[in-house]
Amino acid sequence: MIEPDFLSTTRTAYDTWAAPYAELFANGLEDFPLDRAMLAAFAAFVRADGGGPVADLGCGPGHVTSLLDSLGLDVSGIDLSPEMIALARAARPDLRFEVGSMTALDLADGTLAAALARYSIIHTPPEQLPRICAEFHRVLAPGGHLLLAFQAHDDPSELAESFDHKVALAYRWSPDRVAALLTEAGFTEKARLVRAPLEDERQFPHAHLLLTRTPA
């Protein structure tokens with residue numbers, strides 16, 4: 001199967017930026033209290049349902065994977081970039097990290113209790129997003145939890161707006177439109193948070209969507 005161009009371009013870019021990216025986020029999410037609150041809520045839902053395997057999709061160097069581990073989740077990381085995975089394994093050799101793509105996860109149907117995709121969809125061309133939503137649905141068990149985070153825009157007439165990301169071409173997403181796509185894919189929205197940018201972030205709002213795979 002021929003790989004879509006956006007995957008190879010994104011992989012090459014993040015392989016190049018892996019070391020400075022890991023250094024940039026070395027302090028985890030200490031400066032992002034609202035983001036941490038959404039991750040804590042996500043973890044609480046997973047634990048309340050008895051736990052189970054959790055995948056951090058687009059885990060990068062593993063800083064959020066490590067946070068989810070500290071919140072009591074049985075978490076592993078998956079990322080498109082081999083260099084990112086090498087850094088994650090070096091930092092946390094006790095956790096599981098694998099190279100993979102959200103377009104075709106090497107996971108059996110319904111095997112995950114939960115999945116996190118934190119800023120992992122931002123390099124996805126808009127026409128590819130329904131495919132990724134379907135893949136989230138495939139790998140999650142009924143009732144499984146999904147948390148997405150992404151740069152947002154507030155025009156619901158447009159699914160995505162491109163912007164010049166430092167690493168590779170990226171997209172801001174309409175929270176309403178992304179939630180609608182996930183509803184069509186078989187999810188139920190539980191909560192959302194849209195926060196203002198912090199002082200050192202680009203002047204875009206940031207959205208977090210917490211959803212559950214609708215039981216059959």
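A residue is called buried when its relative accessible area is under 20%, exposed when that area is over 50%, and partly exposed in between, using a 1.4 Å probe and protein chains only. This is a predicted model, in which local features need pLDDT of at least 70 and side-chain atom pairs count only at pLDDT 80 or more, while totals for chains, interfaces and linings use all residues. Residues are numbered from 1 along each chain as its sequence is written, and side-chain values use heavy atoms, with hydrogens and water left out.

Strand β7 (residues 170-173) is covered on both faces, with Ala-170 and Arg-172 buried on one side and Tyr-171 and Trp-173 buried on the other; strands here are DSSP runs (E, at least two residues), numbered from the N terminus. β7 pairs with β6 in the antiparallel sense over four bridges, where pairing requires that DSSP finds at least two bridges between two strands. Within this arrangement, Glu-161 stands opposite Arg-172 in β7.

The structure also holds three aromatic pairs, and the table describes two pairs of rings.

| Pair | Distance of centres | Angle of planes |
|---|---|---|
| Tyr-14 and Tyr-21 | 5.9 Å | 80° |
| Phe-163 and Phe-204 | 5.1 Å | 65° |

Rings of Phe, Tyr and Trp (its six-membered ring) pair if their centres lie within 6.5 Å, and planes under 30 degrees apart count as stacked, over 60 as edge-to-face and the rest as tilted. Tyr-14 is buried at 13% relative accessibility, whereas Tyr-21, at 22%, is partly exposed.

Phe-163 lies in strand β6 (residues 160-163) and Phe-204 in the loop between β8 (187-195) and β9 (206-213), so their pair ties together parts that are 41 residues apart in sequence.
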